[in-house]
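Have the structure open and follow along.

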Amino acid sequence: MVDKKAFRSMILLLFIIVLLIGFSGYLNFLPSTIKSIILVLFVLLFIFYESRRPVKSLKDINRVYQRRSLFSRKKAIETLEEGLQLESLKDNEKLFLSMQLALEYYKVKDYEKACEAFKRVVDEVLRTDYIKIEEKFLIKLVGSYILNNKREEAQKIYNRLLALGKCDKSKVVEDMLKNRPS
């Protein structure tokens, strides 16, 4: 109920600001600096409102994730992990969030957690009939395992996905698995 009330207040404030700014040029009673201050205040109020909005669906999670990932990978990861805790999500939505989480861990070079997240993705992919892993994702999956000193496990996962038709043969992945560090 508080959320609806805050939204109504926000709309009313926006309406008042639009009226003030719209008529201030006509009536010439607000200097441009005050107009700018009013706009900045509105933007700050809007950001505050958005940050307090509850996260209930995949759409909400994506909204918060997109905003947070611009400034902090850590906050983006927290958002994805919180999203995975929602019981209202369907399996394919949880799979999508798990994929995003694995990629975020890969980007921050936390390969151990990336491997854990990739393992959840692979387990889900193996349980479903309609999902196939793309090469770009497969490269990061295998790369995470290799960078975490789990080359043999990466080889097993790749071979299993390939045998079950869950991915296409990839020369890049096969080269990664063959090349041994000196």
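At what angle do helix α5 and α7 pack, and how far apart are their axes? Helix α5 (residues 91-107) meets α7 at about 55 degrees, and the axes lie 11 Å apart. Axes here are lines fitted to C-alpha atoms, for helices over the stretch in contact, with angles running from 0 to 180 degrees between N-to-C directions. Helices are DSSP runs (H or I, at least four residues), numbered from the N terminus.

That angle makes α5 oblique to α7 (under 35 degrees is roughly parallel, over 145 roughly antiparallel, 65 to 115 roughly perpendicular, and the rest oblique). The crossing of α5 with α7 is left-handed, meaning the near helix is turned anticlockwise from the far one by less than a right angle. On the α5 side you'll find Met99, Leu103 and Tyr106, which meet Phe137, Lys140, Gly143 and Ser144 in α7; contact means heavy atoms within 4.5 Å.

Before going on, a word on the model: it's predicted, with local features needing pLDDT of at least 70 and side-chain atom pairs pLDDT 80 or more, while totals for chains, interfaces and linings use all residues. Residues are numbered from 1 along each chain as its sequence is written, and side-chain values use heavy atoms, leaving out hydrogens and water.

Terms used:
Helix = DSSP H or I, 4+ residues; strand = E, 2+ residues; numbered from the N terminus.
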